[in-house]
Amino acid sequence: MTSPDSIDAAERGHEKPSPVLHSSDDGVTVSSRDLDENYEFFKARNDVEATEEDIKKVVRKIDYRVVPVLFLLYFLQYLDKNAINFANAYGLQEGTNLHGQDYSWLGSIFYFGYLVSQFPSGYIMQRLPVGRVVSCTVILWGAIMLTTPACKSFAGLAANRFFLGLTEATVNPAFVLIMSIWYTTDEQPLRLEAYYCTNGLATMFGGLIGYAVGHITTGLPRWMYVFLIFGGVSLAAGILSFFILPDVPATARFLDARERTIATDRVSRNRAGVKNHHFKKNQAIQCAKDPKTWILFVMAVGAQVPNSAITSFTSQIIKSFGFDALGSQYLQIPGGAVQFLSLILGGILCSKWPRGSRCPTMIVANTICIIGAALLVTLPEDNKWGRLVALWLCFFQGLGFSMSLTMISSNVAGSTKKQLTAGILFTGYCIGNIVGPQTFLESEAPHYHSAYIAMLVGYTVKLVCIIILYIYMWRANVARDAAGPLDEKAAVEAGMHDQTELDNKGFRYSL
């Protein structure tokens with residue numbers, strides 16, 4: 001039976017400034033600084049009887065509201081940051097007077113902006129409504145894209161790419177946070193892949209747009225249309241998102257008060273809370289000392305060194321195999337299909353069998369990438385179709401990296417620690433993406449042997465990190481199970497008090 005009084009009290013408690021001290025479910029008095037933003041709705045859960053159908057209805061409403069927006073925005077950010085790849089086939093370098101390693105540096109400079117933005121954007125997302133923060137940054141980067149055709153030199157393009165990276169940096173860590181706010185641990189892999197698969201779709205769609213742009217014969221130089229089309233759509237999408245994308249269950253207008261209570265109760269069972277906007281120094285220190293943080297950092301570096309081969313340099317690589325300009329566009333489509341299908345299949349597998357499937361899935365995907373990179377290194381240069389298939393195999397990379405993001409959304413608790421861990425992982429992501437383009441040496445064009453070796457090394461480092469992380473988390477779970485029976489209620493309560501996964505002894509890692 002539902003108690004309207006308790007739900008009304010939850011709404012009032014969230015809307016009005018909270019007192020300094022609160023009583024938790026076990027009667028202990030705690031500071032409001034330690035309580036989750038959704039704690040009033042969490043307390044009201046005992047007065048709400050929800051059937052399985054009620055819960056499914058709430059999940060469907062969340063899916064319809066959140067996932068399509070994430071899908072659209074992630075699709076656009078991937079297109080926008082890789083627009084230079086599609087524009088490069090139609091005279092970008094000639095039109096902006098690029099020479100030598102200039103184009104390689106454009107790939108790297110984007111990630112310098114991304115790197116600078118990591119920790120400030122993480123702090124802003126913890127303090128402010130994440131939906132509004134994401135939407136405003138999308139509007140900004142759409143405007144930046146629209147100014148790209150005005151750039152006539154390396155200096156102009158470099159500044160443009162830096163600020164594009166500065167704004168796009170918000171998306172990945174924000175979406176990891178959104179996953180942990182709205183979905184249970186078992187639900188996260190499929191929902192995350194539902195938006196991350198747009199990397200593959202964007203590769204296919206971008207190839208089609210690039211192919212269409214190649215048939216424009218009048219007006220502006222063809223490379224400019226790529227930025228104008230992508231930028232205009234992103235600007236419109238950011239405005240739409242501002243009015244649709246929610247922050248946390250307690251403030252979600254598309255849910256009624258009872259549904260907010262159900263949504264909060266669902267996610268509280270992750271034993272990691274929902275969101276706390278207070279920065280906590282002790283969690284920052286623990287983040288710096290936690291081995292998982294640095295395993296994820298090294299993993300991200302290794303994963304992203306090869307990334308430029310399937311983003312900024314894909315057109316050039318396919319051209320180097322002996323295909324023409326139009327071929328360099330439409331032959332990216334099968335690679336995008338490989339990425340899309342592998343991401344969806346991986347998400348389904350890890351959701352259908354949520355216990356112990358994530359790390360094995362990452363290992364399989366990364367092993368396929370190692371095979372692809374090894375073939376690029378060893379196959380003769382005249383075997384253009386064999387080398388093309390090897391490049392397509394490397395598109396399994398997205399599955400391995402996206403699953404590593406669930407290591408944060410599912411396996412790191414404490415809002416400050418979660419945001420800082422994401423910041424450190426994406427710092428590694430930036431370093432890998434800064435280094436990667438520099439392995440494409442102009443002196444080795446068009447065959448780029450050093451880049452293929454760097455890809456092989458990066459994938460190997462990533463595989464070793466996955467195995468180490470799996471062993472570390474498995475041993476931690478075994479030790480906690482051996483220490484005594486799990487108190488589920490206490491573990492959930494600790495999560496809503498913003499305790500980290502190391503402090504909350506009832507927490508278990510998702511492997």
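**Exercise 1.** Is Asp324 buried or exposed, and what is its relative accessible area?

*Solution.* The model is predicted: local features need pLDDT of at least 70, side-chain atom pairs count only at pLDDT 80 or more, and totals for chains, interfaces and linings use all residues. Residues are numbered from 1 along each chain as its sequence is written, and side-chain values use heavy atoms, with hydrogens and water left out.

Step 1. Take the classes: buried is under 20% relative accessible area, exposed is over 50%, and partly exposed lies in between (1.4 Å probe, protein chains only).

Step 2. Asp324 has a relative accessible area of 51%, so Asp324 is exposed.

Step 3. Asp324 sits in the loop between helix H16 (314-320) and helix H17 (325-330); helices are DSSP runs of H or I with at least four residues, numbered from the N terminus.

**Exercise 2.** Find the disulfide count and examine Cys197.

*Solution.* Step 1. A disulfide is a pair of cysteine sulfur atoms within 2.5 Å.

Step 1. The count by this rule is 0.

Step 2. For Cys197 the closest cysteine sulfur belongs to Cys350 and is 14 Å away, which is too far for a bond.

Step 3. Cys197 is buried at 2% relative accessible area, whereas Cys136 is partly exposed at 36%.

**Exercise 3.** List the contacts of Phe401.

*Solution.* Step 1. Contact means heavy atoms within 4.5 Å.

Step 1. Neighbours within four places in sequence are left aside; Phe401 then touches Tyr196, Ala300, Ala303, Gln304, Leu425, Phe426, Tyr429 and Lys462.

Conventions: Helices (H or I, at least four residues) and strands (E, at least two) are DSSP runs, numbered from the N terminus.
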